[in-house]
Amino acid sequence: MRRLLTGLAVTVLYSFVALPAAHAHKVTIFAWVEGDRVFTESKFSGGKMVKAGKVAVFDGSGNLLLEGQTDDNGSFDFKAPIIADLKIVLTAGMGHRNSWLLTAAELSEGEPTPLATNEARPEPASLDTPRETAPPLAGPGLTARDIEAIVSRQLEEKIKPLVQMVAASQEKGPTMRDIVGGIGYIIGLVGLGAYVRYRKDRRHS
Amino acid sequence: MHISEGVLGAPVLVAGAAVAVAGTAVGLKKLELERVAQAGMLSAAFFVASLIHVPVGPSSVHLILNGIVGLLLGWAAFPAILTALVLQAMMFQYGGITTLGVNTVIMALPAVVCYHLCGPFIHKPPRIAVAAAFACGAGSVFLGAILAGASLMFTEGSFLEVAGLIVTAHLPVMAIEGVITVFCVAFLKKVKPEMLPGYDAAVLAQAKN
């Protein structure tokens with residue numbers, strides 16, 4: 001009996017210690033575009049990745065375009081099937097679900113990069129070095145489209161950490177303010193309830 | 001145990017909301033003035049309990065405390081839990097506004113059931129009382145998991161599979177809440193036994209003996 005109690009006490013304590021570990025009552029999915037691929041990241045609030053969560057992609061009118069599963073890191077990526085508003089829905093089991101809306105604008109911004117670098121290049125084949133190593137003084141030979149492509153690719157690179165930061169900030173757990181605020185609401189409601197009842201009592205007496 | 005928006009079909013949502021409204025009406029009617037503060041405190045405890053997490057395998061579950069809320073409030077558990085769920089949905093984005101009714105039923109109905117099943121045994125000799133308290137804490141989580149499974153079965157396939165999954169995930173929570181309820185009951189029995197259900201009856205019975 002004593003040992004049982006100790007065991008249970010340890011379990012309870014452990015659960016308290018493990019408080020910030022992970023939440024499981026909210027999932028979030030975050031999607032961004034790189035080139036023509038759409039990357040998604042799915043997390044439980046608290047930062048635990050959704051493993052083997054179902055991801056479904058719908059178009060604007062609700063037709064299913066493709067389906068997939070998140071890997072161990074909670075990520076799933078796919079080639080954008082159409083340039084349109086995409087609704088990406090994550091179902092993580094036990095009633096957990098969330099969605100992310102990817103607009104057509106985001107997709108079409110990502111789209112031209114690989115096209116421009118691979119096909120729309122006016123340079124002769126002999127100059128076919130990877131773009132990254134191309135000397136910057138090749139300036140005059142570049143078309144506006146090339147520059148656009150380079151800029152957008154570089155921008156994508158630079159923005160990546162920012163995108164990930166935004167993704168990380170999507171599933172912040174409840175803050176102290178939320179908790180205290182909620183308790184405050186409850187105290188207020190109790191006060192309101194007491195007030196209404198007392199008023200009724202006084203009127204009757 | 002919080003079901004997100006968009007998972008359930010309209011019939012389940014409407015049925016859940018109807019039961020929740022009825023339960024809340026009964027609860028408010030039965031809530032005497034003296035116990036409004038108590039209901040508020042338990043509502044706050046329920047509100048915060050969901051922040052205490054128990055990691056289980058790939059997922060994690062959180063404390064619910066609907067057993068103790070039910071034991072101390074009876075039918076008033078409905079308004080108390082509904083209030084806490086509204087705030088959880090607003091502040092933490094747990095669950096959702098449309099699923100409020102279903103979620104209230106999932107957590108408050110077991111609380112009321114356990115209040116009626118276990119409440120009468122709380123003032124019995126210690127051994128029975130401890131067992132009843134544990135059953136109340138663990139049972140209300142178990143029934144909640146079953147109800148969650150039942151409401152999900154229309155969208156997520158077979159009832160047994162879904163309910164089994166949720167029950168298994170909540171086994172540690174059941175154990176922990178059972179123990180918490182035992183300690184709460186033991187403490188209240190010493191300090192404020194009139195807070196526990198069936199106190200007057202127990203006193204009468206004792207006076208007769």
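Predicted model: local features only at pLDDT ≥ 70, side-chain atom pairs only at ≥ 80, totals over all residues.
**Figure 1. Overall makeup of chain B.** Chain B contains 8 helices and 2 strands. Read from the N terminus, its elements follow the order α-α-β-β-α-α-α-α-α-α. The radius of gyration of chain B is 17 Å, close to the 17 Å given by the globule rule for 209 residues, so chain B is as compact as a globular protein of that length. The C-alpha trace of chain B spans about 55 × 35 × 25 Å along its principal axes. Of the 209 residues in chain B, 53% are buried. Among contacts in chain B with a separation of 6 or more, 74% are between residues 24 or more positions apart.

**Figure 2. Packing of α4(B) against α5(B).** The two helices pack at an angle of about 140 degrees, and their axes are 9 Å apart. The crossing of α4(B) and α5(B) is right-handed. On the α4(B) side the contact is made by B:A77, B:F78, B:I81, B:L82, B:L85, B:V86 and B:A89. The α5(B) side contributes B:L100, B:N103, B:T104, B:M107, B:A108, B:A111 and B:V112. By class, the residues of this contact comprise 12 nonpolar, 2 polar and no charged.

**Figure 3. Surroundings of B:N103.** B:N103 belongs to helix α5 of chain B, which covers residues 100-118. B:N103 counts as buried because 31 C-beta neighbours lie inside 10 Å, against a cut-off of 20 or more. Leaving aside residues up to four places away in sequence, B:N103 touches B:H2, B:I3, B:L85 and B:G95. Of these, B:L85 is also one of the α4(B) residues in the contact between the two helices, to which B:N103 contributes from α5(B). B:A169 lies 66 residues from B:N103 along the chain, and the C-alpha atoms of the two are separated by 17 Å.

**Figure 4. Positive phi at two loop residues of chain B.** Most residues other than glycine have a negative phi. B:L65 is a residue other than glycine with a positive phi, near 65 degrees. B:L65 sits in the loop between β2 (59-62) and α3 (66-73) of chain B. With 29 other C-beta atoms within 10 Å, B:L65 is buried. B:Q93, likewise not a glycine, has a positive phi near 55 degrees. The loop that holds B:Q93 runs between α4 (77-92) and α5 of chain B. B:Q93 is partly exposed, with 19 other C-beta atoms within 10 Å.

**Figure 5. Four-stranded open sheet of chain A.** In chain A, 4 strands form an open sheet in the order β4-β3-β6-β7, with antiparallel pairing. β4 (64-69) and β7 (97-102) of chain A are the edge strands, each pairing on one side only. From one strand to the next, the twist averages 20 degrees.

Figure 6. Strand β3 of chain A (residues 54-58) is joined to β4(A) by 5 bridges, and the two run antiparallel. A:F58 stands opposite A:L64 in β4(A). The hairpin has 5 residues between the strands, and A:G62 takes a positive phi near 85 degrees.

**Figure 7. Three-stranded open sheet of chain A.** This open sheet has 3 strands in the order β1-β2-β5 of chain A, and the pairing is antiparallel. β1 (27-34) and β5 (75-79) of chain A stand at the edges with a single partner strand each, so one side of each is left without a neighbour in the sheet. The twist averages 20 degrees from one strand to the next. β1(A) is joined by 8 bridges to strand β2 of chain A (residues 37-44), and these strands run antiparallel. In this pairing A:F30 stands opposite A:E41 of β2(A).

Terms used:
Residues numbered from 1 in each chain as written. Chains lettered and ligands numbered in written order. Buried ≥ 20, exposed ≤ 12 C-beta atoms within 10 Å, placed from the backbone. Contact = placed C-beta atoms within 7 Å. Pairing = 2+ DSSP bridges. Axes fitted to C-alpha atoms, helices over the stretch in contact; angles between N-to-C directions. Left-handed = near helix turned anticlockwise from the far one by under 90°. Nonpolar A, V, L, I, M, F, W, Y, C, P; charged D, E, K, R; others polar. Rg over C-alpha atoms; globule rule 2.2 N^0.38 Å.
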